[in-house]
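Visitor: I'm new to this one. Can you show me around?

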Amino acid sequence: LRAMWPEVRTLDLPTLVPEVQVPIAFLLGSKDRQCPAELAAAYFERLRAPEKSLTWFERSAHNVPFEQPIEFNRKVVDLVDRWS
């Protein structure tokens, strides 16, 4: 992270990427302190996309697929089914 910090700290996704042309899902760990999930949720609210989904994982931090793998996999399958 130290090596990336100079670039990451100036990254402004809402300005650089205000819109995507595909469905998008944010799968956020509520205990994430690596990248505060509240920041990701605020970006999600502003982001324009044909379909969007935001899911909070209450027992996870930054690595949801490893911290709640069953719930994560269920959600991904649900989203693929819904958007296929």
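Guide: What follows is a quick chat about the chain as a whole and then one residue. Keep in mind that this is a predicted model.

Visitor: Fine. How many helices and strands are in the chain?

Guide: The chain has five helices and two strands.

Visitor: And what pattern do they follow along the sequence?

Guide: Reading along the sequence, you get α-α-β-α-β-α-α.

Visitor: What does the C-alpha trace span along its principal axes?

Guide: About 40 × 30 × 20 Å.

Visitor: What share of the residues is buried?

Guide: Of the 84 residues in the chain, 26% are buried. The chain exposes about 6,200 Å². Carbon and sulfur atoms supply 58% of that area.

Visitor: What about contacts between residues 24 or more positions apart?

Guide: Take the contacts in the chain with a separation of 6 or more. Residues 24 or more positions apart account for 66% of them.

Visitor: Switching to charge. How many positive and negative side chains are there?

Guide: There are 11 positive and 12 negative side chains. The centres of the two sets lie 4 Å apart.

Visitor: Now one residue. Where is Ser-60?

Guide: Ser-60 sits in a loop. That loop runs between strand 2 (52–57) and helix 4 (64–67).

Visitor: Is Ser-60 buried or exposed, and why?

Guide: Ser-60 counts as buried because its relative accessibility is 1%, and buried means under 20%.

Visitor: Which residues does Ser-60 touch?

Guide: Leave out residues up to four places away in sequence. Ser-60 then touches Gly-29, Ser-30, Lys-31, Asp-32, Glu-67 and Gln-68.

Notes: Residues numbered from 1 in each chain as written. Predicted model: local features only at pLDDT ≥ 70, side-chain atom pairs only at ≥ 80, totals over all residues. Heavy atoms only, no water. Helix = DSSP H or I, 4+ residues; strand = E, 2+ residues; numbered from the N terminus. Buried < 20%, exposed > 50% of the residue type's maximum accessible area, 1.4 Å probe, protein only. Contact = heavy atoms within 4.5 Å. Areas by Shrake-Rupley, 256 points an atom, 1.4 Å probe, with all protein chains shown as cover. Lys, Arg positive; Asp, Glu negative; His and termini not counted. Charge placed at Lys NZ, Arg CZ, Asp CG, Glu CD.
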